[in-house]
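Q: Please take a close look at one side-chain pairing in this model. Then set it in its wider context.

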Amino acid sequence: METMSVAQARRAAVAAQGFGGSARRGQPARRTIATEVERLGLLQLDSVNVAVRAHYAPLFSRLGPYDRDTLDALAWPQKPAQARRRTLVEFWVHEASLLPVDEWPLFRWRMRDNAAKQGRWLGSALEHRSDVLDVVTAVVAEHGPLEAGEIEKVLGDAGDRRARAYGGWWQRSDIKVACEHLFAIGELTTGTRRGFRRAYELTERVLPPDVHARDPARDESMRELIRRAARALGVATEPDLRDYYRLPPTESQAAVAELVDAGELVPVQVEGWSAPAYRTPETRVPRRITGRALLAPFDPLIWFRARTLRLFDFHYRIGIYTPAEKRTHGYYVFPFLLDGRLVARVDLKADRAIGLLRVPGAYLEEGAPESRVAAELAAELATMAEWLGLDGVLVDGGGDLAPALAHAVKAQADNVGGWT
């Protein structure tokens, strides 16, 4: 079996995720943004907006400042002309995610599992009453795209006649649960978003007809999703591959074995790893990685914490899921990638009231060069602040890196003038 050092595996993984190249060159075009999402396979969605919403951050990390409106138009078009060029759609993938439109049929097996109440993606409050599901589908078909609250309003305007025709009235929360159930079984998807609120639409009116009609076999979908995960991860164990799209363990293991037999995955022993790993024949192992990036908590390079520890010797947990008294580094902490290593972490908050990107905490990893890390991190924070429409950076918290980072931020501000 091929042997690889952890350093080689790390470089392969970082390169496969789109870092270390020359992507940061000017304002990325629409096609560049779409291609980067295709490389990653998905962008995880999350409602937290402390610094920037989760789905925006990975593209900034890889491409630098880009127009977020362009990504919105790819996913949630507001105009008919944009709708014809939609390239992204929402579904339960890793978690709630944006994925390339062509990938949607690869999750029909999950939709069927959800319809059979075997999926982990459903609530239980509604128990999937057919009367509620039918009336929600009918209202969306007639008036969509609609938010759950707008569906309730339509039903209220129509009076109880429509409700009685479907077997009686229901609690208002049932409408939202019904929408989410229909989303999970593929009948509805997100037609657009208003603010960050999901407006539901019939999936058949969102997807191109040829995509909506596609229905690959379950085992075929598993193999293709493992292929895509392997390309996105570079070098990965079977649990790493499985986690990328949250696949069932038995079927993931079978798909990996089949792809190994077919020569589409190459087994690799990474020194120090207890489980075998795999790469595609095309996986690159660069001799070195250069460049810097702030990684949001839901970035696919680091979202599987066991893998992050194996690759980077970096123990990471998201503070938003941890009680305040047990947080070690802050609420919404971004690891800092520099030349292919995780060298620091910063707690970030976009304080729009004062127009500054605040740093409530900054921490240096053991052995990392403090002065260089502080200077590179200060420059990247300034770039992020400008991208977010903020006036500057304010280091106002603790951590062993905070004094050096505050000094570097001030030095940069003195150089460019006017920044905090």
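A: Arg227 and Glu264 pair through their side chains in a salt bridge, 2.6 Å from N to O. A salt bridge here is a side-chain nitrogen of Lys or Arg within 4 Å of a carboxyl oxygen of Asp or Glu. Arg227 sits in helix H13 (residues 218–233) and Glu264 in the loop between helix H15 (249–261) and strand S8 (266–270), so the pair ties together parts 37 residues apart in sequence. Helices (H or I, at least four residues) and strands (E, at least two) are DSSP runs, numbered from the N terminus. The structure holds 35 salt bridges.

The model is predicted: local features need pLDDT of at least 70, side-chain atom pairs count only at pLDDT 80 or more, and totals for chains, interfaces and linings use all residues. Numbering starts from 1 along each chain as its sequence is written, and side-chain values use heavy atoms, with hydrogens and water left out. pLDDT is the predictor's confidence in each residue, from 0 to 100. The protein averages 91, and 90% of the residues score at least 70. Residues 164–170 stay under 50; the model gives them 19 contacts beyond four places in sequence. Contact means heavy atoms within 4.5 Å.

Now the domains. An automatic or database assignment sets the bounds: domain 1 (2–102 + 213–279), domain 2 (121–205) and domain 3 (317–417). Domain 1 brings 17 residues to its contact with domain 2, which brings eleven. About 1,200 Å² is buried between domain 1 and domain 2, with 59% from carbon and sulfur atoms. Buried area is the accessible area (1.4 Å probe) that two parts lose on being put together, summed over both. Trp76, Glu90 and Trp92 supply 47% of what domain 1 buries against domain 2, more than any other three residues.

Two salt bridges are counted between domain 1 and domain 2. Glu90 also meets Arg193 in a side-chain salt bridge, at 2.9 Å from N to O. The side of domain 1 that touches domain 2 has seven nonpolar residues, four polar and six charged. Nonpolar means Ala, Val, Leu, Ile, Met, Phe, Trp, Tyr, Cys and Pro; charged means Asp, Glu, Lys and Arg; the others, Gly among them, are polar.

Two backbone details remain. Arg246, in the loop between helix H14 (238–245) and H15, has a positive phi of about 55° although it is not a glycine. Gly144 and Pro145 are joined by a cis peptide bond, omega about 5°.
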